[in-house]
Amino acid sequence: MSGEKDLEQLKKEAAAKAAAKAKQAAGGAGDDEKAKAIAAAKAKAAAAAKAKAAAAAKANEENETAEKKPSTNQPYLEKYTKVIEEHLGKEILEDYYINTLSKDVPTLVVRRETYYKAAQFLKYNEQLGFDYLSELHGTDFETHMEVYVHLYSYKNRQSVALKVRIDRDEPTIDSLVPLWAGANWPECEAYDLLGIKFTGHPNLHRIMLGEEWVGHPLRKDYEPYDVEV
């Protein structure tokens, strides 16, 4: 009887070991499949990220190429600067460029002492003929102030911007009213809001705030005289 029991016990142990091995083998196969699935997912994600990075790089390259492409107004800027330098000298211009932030307008930056002379030339020169002033305003940059003028030539159907930097503590510049009557109110506005004085203006006065108003609201250091306002 003892021998039969031992034999039965050995059979059970053998069966248990076989079952354990089978289970282990099955589990190992499942782990392999899981590992393969994880690896495949990682590879797919890496490929997607690589494709996205390549697309972004291509888009940046296209944008840079577009930015480097000369503006269609570049020939006009070259024309203006050439005519001005030929007649008035190179020293009259402080800088010039295409303003990409404002419809690619050819922009001329002149020195304070040549501002009126340059404006007069832009209007009366036969090759330029900027007979219409469409915009004039001032800006406070804290370190200095700037007057911006936009001109248009009906004859040539072309635009140009004229800029001049002026001293912030003594913001004074020539008036363009003798050249373009349309500068009258914009210069009064710049005087009213920024305190820019336009010498030669026929009637420079406040047009919105009144002569009794203290200070100029568009200056960066402006503080209301009446705190209740």
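Tutor: In this predicted model, Glu 142 counts as exposed because its relative accessibility is 55%, and exposed means over 50%. Glu 142 is placed in the loop between E3 and E4. Although Glu 142 is not a glycine, its phi is positive, at about 70 degrees. Most residues other than glycine have a negative phi.

Lys 103 also has a positive phi, of about 55 degrees, and is not a glycine. This residue lies in the loop between strand E1 (93-99) and E2. With a relative accessible area of 79%, Lys 103 is exposed.

In H3, which spans residues 115-124, the buried residues include Tyr 115, Ala 118, Ala 119, Phe 121 and Leu 122. These residues lie on the same side of H3 because they cover an arc of only 160 degrees around the axis. An α-helix has 3.6 residues a turn, so residues three or four places apart point the same way.

In the loop between strand E6 (172-174) and helix H4 (184-194) is Ser 175. Ser 175 counts as buried because its relative accessibility is 2%, and buried means under 20%. A polar atom of the Ser 175 side chain lies 3.1 Å from the backbone nitrogen of Val 177. Among the residues that Ser 175 touches beyond four places away in sequence are Tyr 116, Glu 187 and His 201.

Note on methods: Residues numbered from 1 in each chain as written. Predicted model: local features only at pLDDT ≥ 70, side-chain atom pairs only at ≥ 80, totals over all residues. Heavy atoms only, no water. Helix = DSSP H or I, 4+ residues; strand = E, 2+ residues; numbered from the N terminus. Buried < 20%, exposed > 50% of the residue type's maximum accessible area, 1.4 Å probe, protein only. Polar contact = N/O pair within 3.5 Å; in protein donor to acceptor, adjacent residues only side chain to side chain. Contact = heavy atoms within 4.5 Å. Arc of directions from axis to C-beta.
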